[in-house]
Amino acid sequence: MTLLHRERRDDARAPAPRSRASGRPVVRALRFVIRKPGPNASQFELRMELDGVVKCWAIPRNPDTDPAGRRVALHTEDQAIDDSAFESIVDGDDSLGELWDQGTWIAQGPALASYRRGQLKFELRGRRMKGHWTLARMGNASTRKKDLWLLVRRDDAT
């Protein structure tokens, strides 16, 4: 498994670029897309760029934007970024279904480490999906075999 550039970086040899305003490292927004596989499909697919690959989750119905709601998300096979995992969807390849949303996402904390722990918190900046979200791996043995996660909209007021 490859490490993110930030995790391999040796700041003693070559400091990371820093924001002029805050002095903190510049955070790069990563891409995401949500597609609906077909006109009659009730399942959606969330694709998020992370660690040089595209992480994919299948979500029944559309993602719930209510902070009280939850959606089960089945983690599916990772895809290489260079296999048009984003471009073909965004460019309108009809065989891949309808583009439901697209934009960028920013992890809150170290993205790869959070993903590996099973608690990825992030902000979505899309056309439909905006705000703070969490993908949390479900915890018992039977759900881990299936790699089930919960997609939860967090209340932005807190």
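Trainee: Before I start, what are the ground rules for numbering and confidence here?

Mentor: Residues are numbered from 1 along each chain as its sequence is written, and side-chain values use heavy atoms, with hydrogens and water left out. This is a predicted model, where local features need pLDDT of at least 70, side-chain atom pairs count only at pLDDT 80 or more, and totals for chains, interfaces and linings use all residues.

Trainee: OK, what's the mean pLDDT of the protein?

Mentor: It's 78, and 68% of the residues reach 70 or more. pLDDT is the predictor's confidence in each residue, from 0 to 100.

Trainee: Which elements have the lowest and highest mean pLDDT?

Mentor: Helix 1 (residues 5-8) has the lowest, at 51, and strand 7 has the highest, at 95. Over residues 1-6 the pLDDT is below 50, although that stretch has 11 contacts in the model beyond near neighbours in sequence. Contact means heavy atoms within 4.5 Å. Where pLDDT is low, the predicted coordinates should not be read in detail.

Trainee: Which residues have the most contacts inside the largest nonpolar core?

Mentor: Phe-32, Leu-46, Met-48, Trp-57, Trp-105, Phe-122 and Leu-135, in a core of 24 residues. The largest share, four residues, comes from strand 2. A nonpolar core here is a set of buried Ala, Val, Leu, Ile, Met, Phe, Trp, Tyr and Cys residues joined through side-chain atoms within 4.5 Å.

Trainee: Let's do strand 1. Why is it described as largely enclosed?

Mentor: Because six of its seven residues are buried, strand 1 is largely enclosed by the rest of the structure.

Trainee: Which way does strand 1 run against strand 6, parallel or antiparallel?

Mentor: Strand 1 and strand 6 are antiparallel, over seven bridges. Strand 1 is also antiparallel to strand 2, with four bridges. Two strands pair if DSSP finds at least two bridges between them.

Trainee: How many bridges join strand 6 to strand 7?

Mentor: Five, and those two strands run antiparallel. Trp-105 has Leu-124 as its bridge partner in strand 7.

Trainee: Back to strand 1: is Arg-35 buried or exposed?

Mentor: Arg-35, in strand 1, is buried, with a relative accessible area of 11%. Its side chain makes a polar contact with the side chain of Glu-45 at 2.7 Å. A polar contact is a pair of N or O atoms within 3.5 Å; within protein, one must be able to donate a hydrogen and the other to accept it, and residues adjacent in sequence count only if both atoms are side-chain atoms.

Trainee: What does the side chain of His-75 make a polar contact with?

Mentor: The side chain of Tyr-115, at 3.1 Å. His-75 lies in strand 4 (residues 70-75) and is buried at 12% relative accessible area. Not counting residues up to four places away in sequence, His-75 touches a set that includes Trp-57, Lys-146 and Trp-149.

Trainee: Last one: where is Leu-151 found?

Mentor: Leu-151 is in strand 9, and at 3% relative accessibility it counts as buried. The C-alpha atoms of Leu-151 and Thr-134, 17 residues apart along the chain, are separated by 5.9 Å. Leaving aside neighbours within four places in sequence, the contacts of Leu-151 include Ile-59, Phe-122 and Leu-135.

Notes. Buried < 20%, exposed > 50% of the residue type's maximum accessible area, 1.4 Å probe, protein only.
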